[in-house]
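Please open the structure in the viewer and keep a selection tool at hand. The stops below say what to select next and what is found there.

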Amino acid sequence: MNNDSFVASRRRFLRRSVAAMAGGAGFFAAPQSLSLLNAAWAGQGQCGGDYKALVCVFLLGGNDGHNLVVPRGATEYAHYANRRRGLAIAQNQLLPLQAQGAPFALGLHPAMPEMAQWFESGKMAILGNVGALLEPVSKQAYDARTARLPPQLFSHNDQQTFWQSLQVRSATDTTPATGWGGRLAELLQASHNSCATLTMNLSLAGANPFQVGLAGEALSVDTGQIRAIEADREPSAVAELEAVYGVAQDNLLVEQYRRATRRAIDDYAVLRTALAGAPNLDAAFPPPPEPGDPAATRFAFVLGSQLRRAAQLISVRAALGQRRQIFFCALGGFDTHDAQTADQPQLLAGLDQALAAFQRTVQNMNLQDQVTTFTASDFGRSMTSNGDGSDHGWGNHLFVLGGAVNGRRVYGAVPDMATGSADFASDGNLIPRLAVDQYGATLARWFGVTDTQALNTCFPNLANFAQRDLGFLS
């Protein structure tokens, strides 16, 4: 090949690639793009076969789980109301849950009627009292300050990072930080996604620790139109940009940036082509808010837009060569130090509407058994009121949705709220009984990681807990 034809071929490649950059989207892409490593993986796994997806919905700020799942029995509710004071939800407003095996009657927050129906249908399970743990913690050890605890237990940033990474890192640790979603993807890439043209980890909410692996990060996907670079006023700008990204640089940092940008361009071109064949789905999800609409409408639209894009990416999984996909979505606003009785119902109503739309869409695709959606949050909140809201806490209640869920059950337990309960430390914090490592490992086993050592690698604290699989997935 002569130099002129090489340059022409390079420009054709870059022209196709650069078309992906303008779409308002890729906040970040993998330092080692899966589209470039694909040749090395080819042949190590099957290109066809079973499909599964995990969808993480992170509730940023620390959702108050004490008002998400509430005891309804007369005695248990009285203990709850005594602790919650002005934050307590009226007993007659709770949505009844017929939870199998629960020691007392439970109710769901009244803003979540759709989730109550999914629970009653057996396609939703509640995870009671989950939290960041390095090992089991007793009330006595916590009160005596002898317990080994996660770093900066009540800090938003630290706990979001720990929840998503499960790693305790020293200030001098120079090894790459990774998240358990990223580690999970790398364990399964060769065996389950060897023909994929994009990374398994796809974020609909920007950069996050959860999806970072040793080989790279997630691809951030915009929820709006996937557009090409446009230079109507200066057509030569595109060609100039192609030339810049086509030339290797001597400076290592500049060269790394150039390579990462080219890979992002390439990945976004693949994404744009695949999504051109995806269904619109706008009518299936909450619409944009109108002036005067309640805040719940805005929350439903924000999260619903992310879940709509996730559903579209699921629908084009074959075009992307993906048998496994991991999605990250997020909804902010759950740091309810103030006005909790006004704000949390709006947040939960928006969450309820968006999740219900997604579950119906997945069901219409006949993929309800292949897609599992799970919630996460920084931490729980204080049981007692600060006067207008709740403060940072520890243990929390979460839930999992999908056809593979062994639903209509509570895994773990809603705590004993009586005075002197061993579930609460002397400072009033709820001590978790289920670890995030156990929660994640149960999801990972369903997703395809069954080897004990591999699970220990993915979940570094798992070996400290007797129960490795919580049993909420078939």
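Select R148 and E135 first: their side chains meet in a salt bridge, at 3.6 Å from N to O. A salt bridge here is a side-chain nitrogen of Lys or Arg within 4 Å of a carboxyl oxygen of Asp or Glu. R148 lies in the loop between α5 (139-143) and α6 (156-165), and E135 in the loop between β5 (124-131) and α5, so the pair ties together parts that are 13 residues apart in sequence. Helices (H or I, at least four residues) and strands (E, at least two) are DSSP runs, numbered from the N terminus. R148 counts as partly exposed at 42% relative accessibility, and E135 counts as partly exposed at 27%. In these terms, buried means under 20% relative accessible area, exposed over 50%, and partly exposed in between (1.4 Å probe, protein chains only).

Two points should be kept in mind while selecting. The model is predicted, so that local features need pLDDT of at least 70 and side-chain atom pairs count only at pLDDT 80 or more, while totals for chains, interfaces and linings use all residues. Residues are numbered from 1 along each chain as its sequence is written, and side-chain values use heavy atoms, with hydrogens and water left out.

**Further salt bridges**

Select R445 and D469 next. Their side chains meet in a salt bridge of 3.2 Å, N to O. R445 lies in helix α12 (residues 436-447) and D469 in the segment after α13, so this pair ties together parts that are 24 residues apart in sequence. R445 counts as partly exposed at 34% relative accessibility, and D469 counts as partly exposed at 31%.

Now turn to R84 and D64. R84 forms a salt bridge with D64, with the closest N and O atoms 3.0 Å apart. Since R84 lies in helix α3 (residues 74-84) and D64 in the loop between β1 (52-59) and β2 (69-71), the pair ties together parts that are 20 residues apart in sequence. Are these residues buried or exposed? R84 counts as buried, at 0% relative accessibility, and D64 likewise counts as buried, at 0%.

Select D50, R323 and R324 together to display a network of salt bridges that links them. A search of the whole structure finds 14 salt bridges. Side chains of opposite charge can pair when their charged atoms come close.

Select D338, D343, D388 and D391, which form a negative surface patch. Patches are made of residues with over 30% relative accessible area and no salt bridge, with like charges joined within 9 Å and nonpolar side chains (Val, Leu, Ile, Met, Phe, Trp, Tyr) within 5 Å.

Q359 is buried, with a relative accessible area of 6%. Its side chain is joined to that of T373 by a polar contact of 3.2 Å. A polar contact is a pair of N or O atoms within 3.5 Å; within protein, one must be able to donate a hydrogen and the other to accept it, and residues adjacent in sequence count only if both atoms are side-chain atoms.

**Pairs separated along the chain**

Select S421 and K139, which are 282 residues apart in sequence and 9.4 Å apart in space, C-alpha to C-alpha. S421 lies in the loop between β11 (410-412) and β12 (434-435) and is buried, with a relative accessible area of 5%.

Next, select A283 and A357: 74 residues separate them in sequence and 9.8 Å in space, C-alpha to C-alpha. A283 is placed in the loop between α9 (252-275) and α10 (295-315), and A283 is exposed, with a relative accessible area of 83%.

**Backbone angles**

Most residues other than glycine have a negative phi. Select N129, which has a positive phi of about 60° although it is not a glycine. N129 lies in strand β5 and is buried, with a relative accessible area of 1%.

Finally, select A339, which has a positive phi of about 50° although it is not a glycine. A339 is placed in the loop between β8 (324-331) and α11 and counts as partly exposed, at 26% relative accessibility.

Technical notes
Areas by Shrake-Rupley, 256 points an atom, 1.4 Å probe, with all protein chains shown as cover. Lys, Arg positive; Asp, Glu negative; His and termini not counted. Charge placed at Lys NZ, Arg CZ, Asp CG, Glu CD.
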